[in-house]
Amino acid sequence: VRTRWNSTFDMINTALDYKKAIRDFTFDDSNGLSNYNLSSLEWTILEDLRDFLQDATRFFSRNSATLATVIPAMDKIDSMLATAVVKKSAGESKSFSTPIKLALLSAKKTLNRYYSKSYYSRIYRIALSSLSVLCLCSALV
């Protein structure tokens with residue numbers, strides 16, 4: 001099943017909004033869900049993941065995707081992955097948990113594999129050339 005980032009973000013964000021209720025419900029042995037009670041580290045991982053997905057969701061939830069925007073979008077993802085390991089929040093440095101850092105590094109590796117393939121795509125080169133011509137024309141007007 002394919003999952004969209006914004007759906008995952010919404011799910012995690014809702015779980016974090018109801019963290020106390022979820023903890024109380026899963027902690028109660030009479031519910032038979034004590035095996036599903038999340039540890040403090042697991043809640044921290046969810047918070048970190050939510051923070052990263054929130055930025056990614058904002059960027060990719062636009063309706064303006066075209067072939068010529070693929071590489072700039074990949075550049076943005078690459079930048080987000082590279083800087084997400086240490087994120088500045090309200091002037092303070094926030095470091096993500098180790099599992100999130102490892103996931104970010106894995107995502108960056110996968111992205112780089114796809115990124116390198118774009119150099120060999122004729123269609124992308126044509127689209128990028130068309131975009132350059134359009135930009136040049138609009139600058140002259």
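Trainee: Where does Met80 sit?
Mentor: Happy to start there. Helices (DSSP runs of H or I, at least four residues) and strands (DSSP runs of E, at least two) are numbered from the N terminus. With that numbering, Met80 is placed in helix 4.

Trainee: What kind of model is this, and which pLDDT do local features need?
Mentor: Residues are numbered from 1 along each chain as its sequence is written, and side-chain values use heavy atoms, with hydrogens and water left out. This is a predicted model, where totals for chains, interfaces and linings use all residues, side-chain atom pairs count only at pLDDT 80 or more, and local features need a pLDDT of at least 70.

Trainee: Where is confidence highest in the protein?
Mentor: pLDDT is the predictor's confidence in each residue, from 0 to 100. The protein averages 74, and 62% of its residues score at least 70. Where pLDDT is low, the predicted coordinates should not be read in detail. Strand 1 (residues 86–89) has the lowest mean, 53, while the highest, 92, belongs to helix 2 (residues 19–27).

Trainee: Is Met80 buried or exposed?
Mentor: Buried means under 20% relative accessible area, exposed means over 50%, and partly exposed is in between (1.4 Å probe, protein chains only). Because its relative accessibility is 10%, Met80 counts as buried.

Trainee: Which residues have the most contacts inside the largest nonpolar core?
Mentor: A nonpolar core is a set of buried Ala, Val, Leu, Ile, Met, Phe, Trp, Tyr and Cys residues joined through side-chain atoms within 4.5 Å. The largest one has 15 residues, and those with the most contacts inside it are Phe52, Leu53, Leu81, Ile100, Leu104 and Leu111.

Trainee: Which helices each supply at least two residues of this core?
Mentor: Several parts of the chain meet here. Each supplying at least two residues of the core are helix 1 (5–17), helix 3 (40–60), helix 4 (70–84) and helix 5.

Trainee: Why do the buried residues of helix 5 line one face?
Mentor: In helix 5, the buried residues are Ile100, Leu104, Leu111 and Ser118. The arc is taken from the directions between the helix axis and the C-beta atoms. Seen down the axis of helix 5, the buried residues line one face because they fall within an arc of 35 degrees.

Trainee: Which exposed residues are on the face of helix 5 turned away from that buried side?
Mentor: Look across the helix from the buried residues. The face turned away from them carries the exposed residues Thr98, Leu102, Leu105 and Lys109.

Trainee: Which residues does Ile100 touch, not counting those up to four places away in sequence?
Mentor: Contact means heavy atoms within 4.5 Å. Beyond those close places in sequence, Ile100 touches Ile45, Asp48 and Leu49.

Trainee: Which backbone oxygen does the side chain of Thr26 reach?
Mentor: Thr26 is placed in helix 2, and at 8% relative accessibility Thr26 counts as buried. At 2.9 Å, the side chain of Thr26 reaches the backbone oxygen of Ile22.

Trainee: Which residues is Thr26 in contact with, leaving aside neighbours within four places in sequence?
Mentor: For comparison, Phe25 is in contact with Asn31 and Leu33, on that basis of leaving aside neighbours within four places. The contacts of Thr26 are Leu33, Ser34, Tyr36 and Asn37.

How values were computed. A polar contact is a pair of N or O atoms within 3.5 Å; within protein, one must be able to donate a hydrogen and the other to accept it, and residues adjacent in sequence count only if both atoms are side-chain atoms.
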